[in-house]
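Biologist: Please take me through the side-chain contacts in this one. I shall ask as we go.

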Amino acid sequence: MVTGLTIRTITPADHKTVGAVGFAAWAAGEAFEDCYRDPDVMAKVRQEFVVFPHETKGEIFVAELADDIVGWGAREDERNYVSDLWVHPDYQGRGVGRALLLHLCELMANEGLATVRLDTHARNALAIRLYERCGFTIIRHDVEFSKSMGVALERCIWRSG
C-alpha cells in the first residue's frame with residue numbers, strides 16, 4: 001500500500017482533475033498504435049475524459065496523495081465491472097493502481113459479488129502485469145470498435161476468482 005494514499009468517492013470539485021488524470025494516463029500509455037496519435041482521435045479521447053465524470057451513471061473513486069488526485073477507478077454498467085482504472089504517469093508503478101483495483105474488488109466482494117471483470121488493451125503490459133498480480137486471468141481476447149476513438153481496439157477481457 002502507498003503511504004499516505006487515500007481512496008474516496010469523487011466529488012463535483014474533482015471532475016476536471018479526474019478528466020485530466022485520465023487523459024494523461026491514456027496519452028502516456030505504451031499500447032499506442034499509430035492511429036491513436038491522429039489529432040482527431042486525441043481530441044475525441046480528451047473530450048471523453050472531460051465529460052466522463054459528469055455523465056457516468058456508475059461510481060468513481062479517486063486516489064489522493066498529499067491532497068492531489070493521482071489516479072481513479074470507476075465501475076459502471078454491471079455491478080461487477082471495473083470500467084476504468086487510470087493512474088497519472090508520474091505515479092505509475094507506485095501501487096496506486098493496485099490500491100484502487102483492490103478497493104473496487106473489496107467493495108464488490110462486500111456486496112456479495114463472486115467475480116470482478118475488466119478489460120484492457122491487449123498490449124498494455126503495465127496493466128496486464130497489475131491484473132495478473134491481483135489474481136485476474138484473461139478469459140477472452142478480441143477486437144472491439146471504440147465509439148469514443150473511432151478505431152478498432154485489440155483488448156483482453158479479465159476476470160478475478
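Biologist: What is the relative accessible area of R8?

Modeller: R8 has a relative accessible area of 22%, so R8 is partly exposed. Buried means under 20% relative accessible area, exposed means over 50%, and partly exposed is in between, with a 1.4 Å probe and protein chains only. Please note that this is a predicted model, in which local features need pLDDT of at least 70 and side-chain atom pairs count only at pLDDT 80 or more, while totals for chains, interfaces and linings use all residues. Residues are numbered from 1 along each chain as its sequence is written, and side-chain values use heavy atoms, with hydrogens and water left out.

Biologist: Which side chain meets R8 in a salt bridge?

Modeller: E64 does, at 2.9 Å from N to O. This pair links distant parts of the chain, 56 residues apart, with R8 in strand 1 (residues 5–9) and E64 in strand 2 (residues 59–65). Helices (H or I, at least four residues) and strands (E, at least two) are DSSP runs, numbered from the N terminus. The rule for a salt bridge is a side-chain nitrogen of Lys or Arg within 4 Å of a carboxyl oxygen of Asp or Glu.

Biologist: And E64, buried or exposed?

Modeller: E64 is buried, because its relative accessible area is 17%.

Biologist: How many salt bridges does the rule give?

Modeller: The count comes to 12. One of the other pairs is R117 with E78, at 3.2 Å from N to O. R117 lies in strand 5 (residues 117–121) and E78 in the loop between strand 3 (68–75) and strand 4 (81–87), which places them 39 residues apart. R117 counts as partly exposed at 21% relative accessibility, and E78 is partly exposed with a relative accessible area of 44%.

Biologist: What about E144 and R155?

Modeller: Their side chains meet in a salt bridge at 3.4 Å, N to O. E144 is in strand 6 (residues 136–146) and R155 in strand 7, so the pair ties together parts that are 11 residues apart in sequence. R155 counts as buried at 13% relative accessibility, whereas E144 is partly exposed at 36%. Through shared partners, salt bridges join D119, R140, D142, E144 and R155 into one network.

Biologist: Turning to the rings, how many aromatic pairs are there?

Modeller: There are six. One of them is Y131 with F136, and the pair is tilted because the ring centres are 6.2 Å apart and the planes stand at 55°. Y131 also pairs with W158, where the centres are 5.6 Å apart and the planes at 70°, so that pair is edge-to-face. Y131 lies in helix 4 (residues 125–133) and W158 in strand 7 (residues 151–160), so the pair ties together parts 27 residues apart in sequence. The criterion is that rings of Phe, Tyr and Trp (its six-membered ring) pair if their centres lie within 6.5 Å; planes under 30 degrees apart count as stacked, over 60 as edge-to-face and the rest as tilted.

Biologist: Y131 and W158, buried or exposed?

Modeller: Both are buried, and F136 is buried as well. Elsewhere, ring pairs link F49, F52, W72 and W86 into a cluster.

Biologist: Which residues touch the most other members of the largest nonpolar core?

Modeller: Of its 27 residues, those are L5, V96, L101, Y131 and F136. Strand 2, strand 4, helix 3 (96–110), helix 4 and strand 7 give two or more residues each to this core, and helix 3 gives the most, with seven. Apart from this core lies another of 19 residues, among them A25, V62, V151 and L153. A nonpolar core is a set of buried Ala, Val, Leu, Ile, Met, Phe, Trp, Tyr and Cys residues joined through side-chain atoms within 4.5 Å.

Biologist: What does F136 touch, not counting residues up to four places away in sequence?

Modeller: F136 touches L101, C105, V116, L118, Y131, W158, R159 and S160; contact means heavy atoms within 4.5 Å. S160, in strand 7, counts as buried at 12% relative accessibility. With neighbours within four places in sequence left aside, S160 is in contact with T115, V116, G135 and F136.
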